[in-house]
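Work through the exercises below with the model open. Try each task before reading its solution.

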Amino acid sequence: MLWLLEELESIRRFLGMGGDVLMMLFVLTLLLWVLVIERYLYFFTEYPKLIRKTMDNWNARADKKSWSAKKIRQSMISEVSLSVNRGMPMIKTLIALCPLLGLLGTVVGMVSVFDVLAMTGTGSPRAMASGISKATIPTMAGMVAALSGLYFSALLEKRAHRATHQISDSLQH
């Protein structure tokens, strides 16, 4: 239990070094990962049920060749496609926001450095260190969050695309 408290204290210190922008970036990244994990849980738990239900509904139909049957088939495929792609636009938006928020942290940190320069002149590197830390840590954190989210977003998007094609192939007309 002590190690957990030490790790939480390390995270708190790290977030303090980056300023308020890093805290916002932390919340944004947390939301991003919650959505990514939700999508993976969906594919492991709900997606097989949806496929089974869609296949059962289609196989229960006697008419599979008429115009209305083709439209019903397209509707079933669209429902599956909407379901597997749910949340993906939000994930992509959060990924795009992470580096931008990191850039905002850079600007805020540089403003802090310039404030220190205006008050103390150029002779106090120690006083500027806090501003430089606030300028660089959010940028790095934003890039790391975006890159890691981008990787898993691409995997999820590929899986959703493959799922749509699989149901389209499975519903024979």
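**Exercise 1.** What should the 19 residues of helix α2 (residues 67–85) span at 1.5 Å a residue, and how far apart are its end C-alpha atoms?

*Solution.* The model is predicted: local features need pLDDT of at least 70, side-chain atom pairs count only at pLDDT 80 or more, and totals for chains, interfaces and linings use all residues. Residues are numbered from 1 along each chain as its sequence is written, and side-chain values use heavy atoms, with hydrogens and water left out. Helices are DSSP runs (H or I, at least four residues), numbered from the N terminus. The expected span is 1.5 Å times one less than the number of residues. For α2 that gives 27 Å. The end C-alpha atoms are 27 Å apart, so the two values agree. Just after α2, Gly 87 takes a positive phi of about 90°.

**Exercise 2.** Find which residues of α2 are buried, and decide where they fall around the axis.

*Solution.* Buried means under 20% relative accessible area, exposed over 50%, and partly exposed in between (1.4 Å probe, protein chains only). Step one: the buried residues of α2 are Ala 69, Arg 73, Met 76, Ile 77, Val 80, Ser 81, Ser 83 and Val 84. Step two: seen down the axis of α2, they fall within an arc of 165°, so they line one face. The arc is that of the directions from the helix axis to the C-beta atoms. Step three: the face turned away from the buried side carries the exposed residues Trp 67, Glu 79 and Leu 82. Step four: the buried residues pack against α1 (2–59), α3 (88–120) and α4 (125–170).

**Exercise 3.** Describe how α1 and α2 pack.

*Solution.* Take axes as lines fitted to C-alpha atoms, for helices over the stretch in contact, with angles from 0 to 180 degrees between N-to-C directions. The angle is about 170°, and the axes are 10 Å apart. That makes α1 roughly antiparallel to α2 (angles over 145 degrees count as such). Contact means heavy atoms within 4.5 Å. From α1, the contributors include Arg 39, Tyr 42 and Leu 50; from α2, they include Ala 69, Met 76 and Ser 83.

**Exercise 4.** Is Ser 83 buried or exposed, and which residues does Ser 83 contact beyond its neighbours within four places in sequence?

*Solution.* Ser 83 lies in helix α2. Its relative accessible area is 16%, so Ser 83 is buried. Leaving those sequence neighbours aside, Ser 83 is in contact with Arg 39, Tyr 42 and Leu 50.

Notes: Helix = DSSP H or I, 4+ residues; strand = E, 2+ residues; numbered from the N terminus. Parallel < 35°, antiparallel > 145°, perpendicular 65-115°, else oblique.
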